[in-house]
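These are my notebook entries on one structure.

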Amino acid sequence: MRNFIFIASFLLAFVAHAQLVTVVDEATNEPLFNVAVYNKSKSTYAITDIEGQVDLKSFNATQAIYFQSVAYQTLKTTKSQIIDAGNIVKLKSQSQQINPVILSASKFEQRMQDVPQKIFAINQEDVVFNNPQTSADLLQQSGKVFVQKSQQGGGSPMIRGFSTNRLLLTVDGVRMNNAIFRSGNLQNVISIDPLSIDRTEVILGPGSVVYGSDAIGGVMNFYTMKPRFENDSLQVSGNAMLRYGTANNENTAHARFNIGSQKFAAATSLSFNFYDDMRMGSHGPDDYLRPQFVQRIDGQDVLVDNKDPQVQRPSGYDQINLLQKFRYQANQNLELGLSLIYTATSDVPRYDVLTRFRESGNPRSAEWFYGPQTWLMTNFKMTHRGNGQWYDTAKFTQSYQQFQESRNNRDFDDPLLYINEERVDVISTSVDFERRNRESNVLFYGAEFFHNRVYSVGRVTDIDTGETQAAASRYPDGSSWRSLAAYASYQWKPQSDLSLNTGLRYNHIWSDATFDTQFFDFPFTTSTFNTGAVTGALGATYVPSNDWELRANLSTAFRAPNIDDKGKIFDPNPGTVIVPNPDLESEYAYNAEIGVKKSFINRLFLDVSAYYTFLEDALVTRNFNLNGQEFIEYQGELSRVQAIQNAEEAVVYGIELGMQYSINDHWKLRGNYSWINGEQTDDDGEQFPVRHVSPAFGDVHVVYEKDKLKLNAFVAFNGQFDFEDLAPSQQSRSYLFALDEDGNPFSPRWYTLNMRGSYQLNDKITFNASLENLTDQRYRTYSSGVAAAGRNLILSFNYSF
């Protein structure tokens, strides 16, 4: 009897052990965490644990079992085959270079080859090597995004002829656009610390089905560092960096840490940036030089000579960036995350405005600066693995954001300093679901709600006496902007080489504002907005062979008027003032895009895209009247009344080219080129250039990598816009541009020669060096009010532990 019990116990233990299998990477034999395991009907479902193990006791011996992870090829097998293989399941990795995993198209992991939109990614390794000072620089260094700068502490991306509030920013999946994102150039992207980012994904073209209002020209998704679990006991790791740049005497210190165990992890990132006044190059238009600037001496504004006209005074600023994240794996099916991000700048001089002069020869402004731009975001995220009946993965996100900014300006020889301060509180809730039917069909669906509350005050201070009194606010104080939406998208693979994608979204927008008539006699005291918008997308990717990929996409997008459109009061140019207009409607975009990727003997890769976008009921600034008056006094100056109106149609079209050639195992050649054109048509049928269409631009790189050494020599280039190529709003802003032979503003072509390199001394220490703009060119990117850096040597030291 004892022998029988012993044998039975042994057999039970053997059977139990036989049903516990380990899933590993075929190439590295590393265990794979969070691999989905299920039968054909998904009635039986399991997930591998942190050691790659999963119990198959719920599966019978003959049914097909699927092992699925986005980064790996889905494996179909049976329990008996697994036992024959020694209870080891090996998954083959998909090529990350040819067909990488992306998150931004649906908020869930997808293969880029299955997505009809054009998306590119920048990883953390690229950031460390390229050494961007801000996230605006990070985007510009990609060679696929154009960036405008009004001052050194800024950077306004332009994508496919759209910019500012026609582009969407997200951080860790949370919408950053708020109710006062304006149509003028925006600087909010610099609040995102590039050194805290693990991955950036940019959607080129509309993304309104998943992301809603504003996603007309593109979506920029920034994913910050993620706390990392460790298999063993509690472990601490991290790295520190010091960086110095000569063009603006940059001093940057950065550190990041990770504390991880099997179920709990925490990540910390800190960056401190100090930027002095920017020095421009020596070879280029003299129009960009800074021969004089204003100083306050003995209570008087004095125009003094600049000892070095290539130094743009004042343009320097400082910034601090903090990030803290926590991550907890409650069980195999539930993960919780909490994050906090805080960034703040010092005062940032508005350099382009400070270069304006009156006909008398005196500057228009003695002071014009943005007060500290601060951004706080707290974000709670819960991720749950379902059984596949309603969803495989669900994500619940609750976030709170607070934005603070101010504008401070004072005319030359005038003691009155006008101050406008704004604060926006944003609360958002979203829930997103993914349901997969093996690897062929995937349903994504979800809902979200956003609430924006805008606080705005104005005052004027006499800097001589210190006396302060109330003044008109920029926005109606206490106004609100709300959005409620639901969406669904479906990916279907009727055959292995064809993927079809479709999506639909309904968005409802409300806004309310009450106007203060103390300073202006508005013909209205309140403004409400209540509207819905339906957007959709239909696309396909076709991969007939390993060396061909074809894609096509049709999509719509929209932008609902926000508080900045409907309620602001400000002067965009001397002698003009924009006033509120409560009678606005949403603008809509209709986009068509095709793309081709071709590889030759797995060495040469070509990528060509063409797109066409039609914008209807475009929100633009036009002449207006206030109570029948075409001119009113604003901040002491008689100004022409204007307002934002639904007044135009626009078309934007272009071509994007990409190339990469692997010469051998160590040498690579790659490049990008973008050509864009567009026309706006006003109510009278007159056509003229679109303001945010940039000149053609691109880059070409020669890269060498061997062992611990990496070198990159490249040229960045930009086409020219003559006077007739400029939009009317730009033709009147000569201070932004060089002057041609006729004295008209134009944007000259330019190029820079550059070199970067890194050397890994050992596992802990890496040195990076960049020499940018070797020939010391003097240039401004299109529509920019500050010249780019001249010859710039950047040195950085990285230590990992």
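Predicted model: local features only at pLDDT ≥ 70, side-chain atom pairs only at ≥ 80, totals over all residues.

The entries below follow the order in which I looked things up.

**Entry 1. A mixed sheet.** I looked up an open sheet of 5 strands and recorded their order as β10-β16-β17-β14-β15, with mixed pairing. The edge positions belong to β10 (118-123) and β15 (174-175); each has a single partner strand, so one side of each is left without a neighbour in the sheet. I then took the pair formed by β14 (residues 167-171) and β17 (residues 218-224), which is parallel and runs over 5 bridges. Within this pair, L169 has M220 of β17 as its bridge partner.

**Entry 2. Nonpolar cores.** I next asked which residues have the most contacts inside the largest nonpolar core. They are L139, V189, I192, V202, M220, F222 and W375, in a core of 76 residues. Strand β40 (residues 604-623) supplies the largest share of this core, namely 4 residues. Apart from this core I found another, of 15 residues, which includes V21, L32, V35 and I82. As general background, nonpolar side chains in soluble globular proteins tend to be buried together.

Setting aside residues up to four places away in sequence, F222 touches residues including L138, L139, L169, V171, V189, I192 and I197. The contacts of F222 also include S135, T170, D172, R199 and T200.

**Entry 3. R350.** Is R350 buried or exposed? I recorded a relative accessible area of 16%, and because buried means under 20%, R350 is buried. R350 sits in the loop between β27 (348-349) and α6 (351-354). Beyond its neighbours within four places in sequence, R350 is in contact with S150, Q151, W368, F369 and Y370.

**Entry 4. Cavities.** How many cavities of 30 Å³ or more are there? I counted 12.

The largest cavity has a volume of about 820 Å³. Its lining comprises 40 residues, and D137, Q140, E772, Y779 and A788 lie nearest its centre. Elements giving two or more residues to this lining are α4 (135-140), β11 (146-148), β45 (697-706), β46 (709-718), β49 (750-760) and β51 (792-800). By residue class, the lining of the largest cavity has 18 nonpolar, 16 polar and 6 charged residues.

For the second largest cavity I noted a volume of about 300 Å³. The second largest cavity is lined by 27 residues, with A105, Q117, V210, S489 and A537 nearest its centre. Two or more lining residues come from each of α5 (208-211), β34 (479-495), β35 (498-514), β36 (526-545) and β37 (548-559). The largest share of this lining, 4 residues, is that of α5. The lining of the second largest cavity has 12 nonpolar and 15 polar residues, and no charged ones.

Definitions and conventions: Residues numbered from 1 in each chain as written. Heavy atoms only, no water. Pairing = 2+ DSSP bridges. Core = buried A, V, L, I, M, F, W, Y, C linked by side-chain atoms within 4.5 Å. Buried < 20%, exposed > 50% of the residue type's maximum accessible area, 1.4 Å probe, protein only. Contact = heavy atoms within 4.5 Å. 1 Å grid on protein atoms, 1.4 Å probe; cavity = no way out; pocket = protein on both sides within 12 Å on 5 of 7 lines; lining within 4 Å. Points joined across faces, edges and corners; volume = space filled by probe spheres on them. Nonpolar A, V, L, I, M, F, W, Y, C, P; charged D, E, K, R; others polar.
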